[in-house]
Amino acid sequence: MAVPFGGESDEWCIVLIVVERGGSLVLVVEPTRQAVPCPKCGELSRRQHSSYDLRPLDLAWRGHTVRLRVHSRRWFCDVPSCPGKIFAERFDGMLARYARRTNGTTELLTAFALQAGGEGGARLARKAGVPISLDTLLRLL
Ligand SMILES: [Zn+2]
């Protein structure tokens, strides 16, 4: 059964949940859109170029670390005047570009760091199932 992913969006579905050795969860997320707007010109593209996986850290579930495996796609923009000939699908509201964490995870970790400082924030994050190094947490600030 495919579960809609991303709150009100029906652009993505969780198609598989994998329990890894050690208890971490991997949610496999597949896009469902048949056409995607080019970020440069806004024109819809229906011609897929390639695909790749993103593996961002997500919010924990009941203390279990959760990682997404998002099957992301690159698309051709066929508008001759557009400077974006090939572009990657965006995940607005869920993932910033090149992010290693979901937006909600980044917000939680930033709140931990602001409330408890670097080392305290990193300890809270590990306890909450969102492991992060002190250096990475400090970079978020
Ligand atoms: Zn374009």
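## Chatting through a predicted fold

Me: Hi! Skipping neighbours within four places in sequence, which residues is I132 in contact with?
Reply: Those would be L109, A122, A125 and L137. Contact here means that the two C-beta atoms, placed from the backbone, lie within 7 Å.

Me: Which nonpolar core is I132 in, then?
Reply: I132 belongs to the largest one, which has 10 residues, including L57, L109, F112 and L137. Such a core is a set of buried Ala, Val, Leu, Ile, Met, Phe, Trp, Tyr and Cys residues joined through C-beta atoms within 7 Å. Buried means 20 or more other C-beta atoms within 10 Å of the residue's own, exposed means 12 or fewer, and partly exposed is in between, with C-beta atoms placed from the backbone.

Me: Which element gives the most to this core?
Reply: That's α1, with 6 residues. A second, separate core has 7 residues, among them L68, V70, F91 and M94.

Me: Before I go on, what kind of model is this?
Reply: It's a predicted model: local features need pLDDT of at least 70, side-chain atom pairs count only at pLDDT 80 or more, and totals for chains, interfaces and linings use all residues. Residues are numbered from 1 along each chain as its sequence is written.

Me: Good. How many helices and strands are there?
Reply: The protein chain has 2 helices and 9 strands, and its pattern along the sequence is β-β-β-β-β-β-β-β-β-α-α. Both are DSSP runs numbered from the N terminus: helices are H or I with at least four residues, strands are E with at least two.

Me: Back to α1. Is L114 buried or exposed?
Reply: L114, which is in helix α1 (residues 103–127), counts as exposed because it has 11 C-beta neighbours inside 10 Å.

Me: And why does P80 count as exposed?
Reply: Because P80 has 6 C-beta neighbours inside 10 Å. P80 is in the loop between β8 (64–76) and β9 (86–88).

Me: New topic: how do β2 and β3 run?
Reply: Antiparallel, with 7 bridges joining β2 (residues 12–19) to β3 (residues 25–31). Strands pair if DSSP finds at least two bridges between them. W12 has P31 as its bridge partner in β3.

Me: Which residue takes a positive phi in that hairpin?
Reply: G22, near 95 degrees, in a hairpin with 5 residues between the strands.
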